Amino acid sequence: MSYLSRAPDREEAFRSLYQSAYPDLLGFVQRRTDAANAEDVVAEAFLTVWRRFPEAPKHQDDARAWLFGITRNLMLNSRRGEQRRQALGVRLAEATDISHADSHADLVSSRVDLGRAWALLSEVHQETLGLAVFENLSAPQAAQVVGISPVAFRLRLTRARRALRLLLDHVPQDELPATLSEEARTP
């Protein structure tokens with residue numbers, strides 16, 4: 001029998017699904033990700049379910065499976081995003097190795113400057129530059145990834161390049177992040 005279709009309204013049906021699935025869903029997430037973030041993941045999953053609730057299957061078992069599928073996809077997306085950020089860091093380090101610097105000191109200085117500037121960029125600028133430079137996506141392809149128009153992506157890319165250029169030229173040493181500051185002092 002359909003417990004969702006018997007509920008008097010959408011809010012009551014959602015509440016019923018939430019109460020029946022929350023403990024199991026929390027355990028599901030805790031077994032697959034960092035336990036400290038599990039409640040955040042579950043909250044995001046229920047938010048997604050709330051937004052897409054008209055698509056929910058009408059039978060309880062089917063709705064639970066649908067909910068777990070949404071949660072799994074959220075965790076996979078989060079994991080892919082983290083891997084992409086780590087890959088960007090690796091590629092950034094590789095890119096700085098191809099410097100035209102004359103000496104080891106110049107090479108280290110260039111690498112530190114680029115790393116420092118990169119760390120100070122906003123996440124949006126990092127993502128934009130990463131898609132264009134490291135992932136080698138065209139503006140229409142990158143725009144599709146982030147869900148904006150190609151024109152908007154090109155504008156965002158221009159702003160990201162400008163921000164990186166400004167940071168490379170004008171970042172004072174006292175704004176150096178602690179980890180990069182220590183790296184800069186290491187011979």
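Mentor: Let's start with helices, which here are DSSP runs of H or I with at least four residues, while strands are runs of E with at least two, and both are numbered from the N terminus. F153, for instance, is found in helix α8. What you're looking at is a predicted model, where local features need pLDDT of at least 70 and side-chain atom pairs count only at pLDDT 80 or more, although totals for chains, interfaces and linings use all residues. Residues are numbered from 1 along each chain as its sequence is written, and side-chain values use heavy atoms, with hydrogens and water left out.

Trainee: Okay, how many helices and strands does the chain have?

Mentor: The count is 9 helices and 0 strands. Reading along the sequence, you get α-α-α-α-α-α-α-α-α.

Trainee: What share of the residues is buried?

Mentor: Buried means under 20% relative accessible area, exposed means over 50%, and partly exposed is in between, using a 1.4 Å probe and protein chains only. By that rule, 34% of the 187 residues in the chain count as buried.

Trainee: And which residues have the most contacts inside the largest nonpolar core?

Mentor: General idea to begin with: in soluble globular proteins, nonpolar side chains tend to be buried together. A nonpolar core is a set of buried Ala, Val, Leu, Ile, Met, Phe, Trp, Tyr and Cys residues joined through side-chain atoms within 4.5 Å. Here the largest one has 23 residues, and L25, V29, V49 and F53 have the most contacts inside it. At least two of its residues come from each of α2 (10-32), α3 (38-51) and α4 (60-97). α2 gives the most, with 8 residues. There's also a second, separate core of 18 residues, with L88, A117, A139 and L164 among them.

Trainee: Let me zoom in. What does V49 touch?

Mentor: Contact means heavy atoms within 4.5 Å. Leaving out residues up to four places away in sequence, V49 touches F14, L17, W66, L67 and I70. Now look at T71, which sits in helix α4. T71 counts as buried because its relative accessibility is 0%. Beyond its neighbours within four places in sequence, T71 contacts L25, F28, V29, V41 and A45.

Trainee: Which residues of α3 are buried?

Mentor: In α3, the buried ones are A38, V41, V42, A45, F46, T48 and V49. In α3 they cover an arc of only 155° around the axis, so they are on the same side of the helix. E39, D40 and R51 are exposed on the other side of α3.

Trainee: How far apart are the end C-alpha atoms of α3?

Mentor: The expected span of a helix is 1.5 Å times one less than its number of residues. With 14 residues, α3 should span 20 Å, and its end C-alpha atoms are 20 Å apart, so the two agree.

Trainee: Now for pairs of helices. At what angle do α7 and α8 cross?

Mentor: Axes are lines fitted to C-alpha atoms, for helices over the stretch in contact, and angles run from 0 to 180 degrees between N-to-C directions. Under 35 degrees is roughly parallel, over 145 roughly antiparallel, 65 to 115 roughly perpendicular, and the rest oblique. The axes of α7 (residues 139-146) and α8 (residues 150-170) come within 8 Å and cross at roughly 95°. That makes α7 roughly perpendicular to α8. At this meeting, A139, P140, A142, A143 and V146 in α7 face P150, F153, R154 and R156 in α8 as contacts.

Trainee: What do the buried residues of α7 pack against?

Mentor: They pack against α6 (123-134) and α8. The buried residues in α7 are A139, A142 and A143. Down the axis of α7, these fall within an arc of 105°, so they line one face of the helix. The face turned away carries exposed Q144 and V145.

Trainee: How do α6 and α8 cross?

Mentor: Their axes come within 9 Å and cross at roughly 105°. α6 and α8 are therefore roughly perpendicular to each other.

Trainee: Back to F153, then. What does F153 touch?

Mentor: Not counting residues up to four places away in sequence, F153 touches T128, L131, A139, A142, A143, V146 and I148. F153 counts as buried because its relative accessibility is 1%. The C-alpha atoms of F153 and A142 are separated by 7.3 Å, with the two residues 11 apart along the chain.

Key. The arc is that of the directions from the helix axis to the C-beta atoms.
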